[in-house]
Amino acid sequence: MSAQTVLFDVPGPRARVRNTLYTVLTVFLALIGMAALYLGFNRTLRERESPLFSAQTWAVNPEGQWAADKWEPFLRPDTWTGYVIPGLQNTLTAALTASVLAVVFGLVFGIGRLSEHWWIRVPSGAIVEFFRGIPLLMLIFFTMALPIVAWQLFDIPTGTFQVSALVAVVTGLTLYNGSVLAEVFRAGINAVPPGQGEAAQSIGMTRTQTLWTILIPQAVTSMMPAIVAQLVVLLKDSALGYIIAFPELLRSFTLIATRESNVIPAAIICALIYIVINVSLSRVAIWLERRNSGRGRSSARPAAANGAPAPAREGAPGLPTPSGTAAEPGVGDTAIGSRTEEEPGDDDAPGPGKGSGGT
């Protein structure tokens with residue numbers, strides 16, 4: 001039986017016909033959607049003067065978004081040095097800073113929710129639930145409005161301090177995504193088998209030592225996909241800085257689209273950059289997961305009681321036995337066909353082929 005038949009039933013003739021029909025229908029609808037997008041942004045879907053399937057309708061319209069002059073700005077170096085690269089630097093700065101702070105925030109409050117002391121557990125849970133329930137955009141706006149709040153509540157003059165757009169974006173991303181990561185870390189620690197912690201405490205390790213030495217490393221390894229998925233969300237949410245005039249990547253492409261009137265090419269290039277960054281981050285996460293999963297595998301050969309390498313047993317895979325020598329029985333091995341010690345009375349015990357008397 002093949003692995004395919006184990007996972008699911010092999011489709012019959014009618015099912016194969018139905019699946020083929022669904023596939024063809026899906027491809028047909030996808031092609032219609034792509035054609036509608038092309039003609040719509042080409043400005044020939046409604047303004048055409050020729051039949052729909054004529055070559056003139058499908059030709060590139062000089063006034064549409066697919067014209068060469070709409071893509072030409074991205075071939076100029078000043079577009080990249082003046083807009084794209086500075087916006088990308090600001091996006092990566094905000095995302096990397098917020099990622100580090102969010103992981104620390106989530107780790108601290110995730111552990112706090114598992115504390116045995118109620119005066120740590122309850123406030124930690126309240127903070128996590130509070131910031132997780134507030135929209136990210138409200139957190140960014142509230143951070144920007146801190147000078148006004150300080151003036152309203154404590155009569156601090158509004159010019160005493162200012163909150164920059166970068167600080168507001170990083171603060172909002174840290175609080176929201178850190179609260180989500182706190183739940184991820186808490187779930188990962190709870191997913192570790194309880195015997196791990198009990199074994200650590202049985203040898204005298206404290207609660208803190210058990211967490212940082214045994215539970216947290218296993219939780220991070222098992223929850224790495226969820227952690228990376230949330231960091232990808234954090235990176236994409238950095239685009240909300242556009243609302244408060246933070247010069248990040250999306251705002252830079254918006255300025256390009258406004259100046260060159262090429263909204264669709266600018267959106268496509270911006271989306272491609274985000275996709276490349278997120279895919280790269282996912283590849284790094286997969287590498288880390290494989291690297292961490294390979295730890296702890298023992299590659300040492302078994303040793304005898306006195307510390308010397310144990311002799312290889314004949315027939316064991318990967319442990320060849322020199323020809324002409326017999327393997328010595330190790331601990332727990334039984335020499336078949338030989339008796340190391342005879343017990344008294346064994347010869348008199350009845351068994352198969354022995355008489356039990358004078359019979």
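Reader: Which helix is Phe 28 found in?
Author: Phe 28 sits in helix 2, residues 13-41; helices here are DSSP runs of H or I, at least four residues, numbered from the N terminus. By the way, this is a predicted model, where local features need pLDDT of at least 70, side-chain atom pairs count only at pLDDT 80 or more, and totals for chains, interfaces and linings use all residues. Residues are numbered from 1 along each chain as its sequence is written, and side-chain values use heavy atoms, leaving out hydrogens and water.

Reader: Where is Asn 177 in all this?
Author: Asn 177 belongs to helix 9, residues 165-191.

Reader: Is Asn 177 buried or exposed, and why?
Author: Asn 177 counts as buried because its relative accessibility is 0%; buried means under 20% relative accessible area, exposed over 50%, partly exposed in between, with a 1.4 Å probe and protein chains only.

Reader: And Phe 28, what's its relative accessible area?
Author: That one is 48%, so Phe 28 is partly exposed.

Reader: Back to Asn 177: which residues does it touch?
Author: Not counting residues up to four places away in sequence, Asn 177 touches Ala 102, Gln 230, Val 233, Leu 234 and Asp 237. Contact means heavy atoms within 4.5 Å.

Reader: New topic: how many helices and strands are there?
Author: The protein has 14 helices and zero strands.

Reader: What's the average pLDDT?
Author: The protein averages 81, and 79% of the residues score at least 70; pLDDT is the predictor's confidence in each residue, from 0 to 100. Over residues 312-359, though, the pLDDT is below 50.

Terms used. Helix = DSSP H or I, 4+ residues; strand = E, 2+ residues; numbered from the N terminus.
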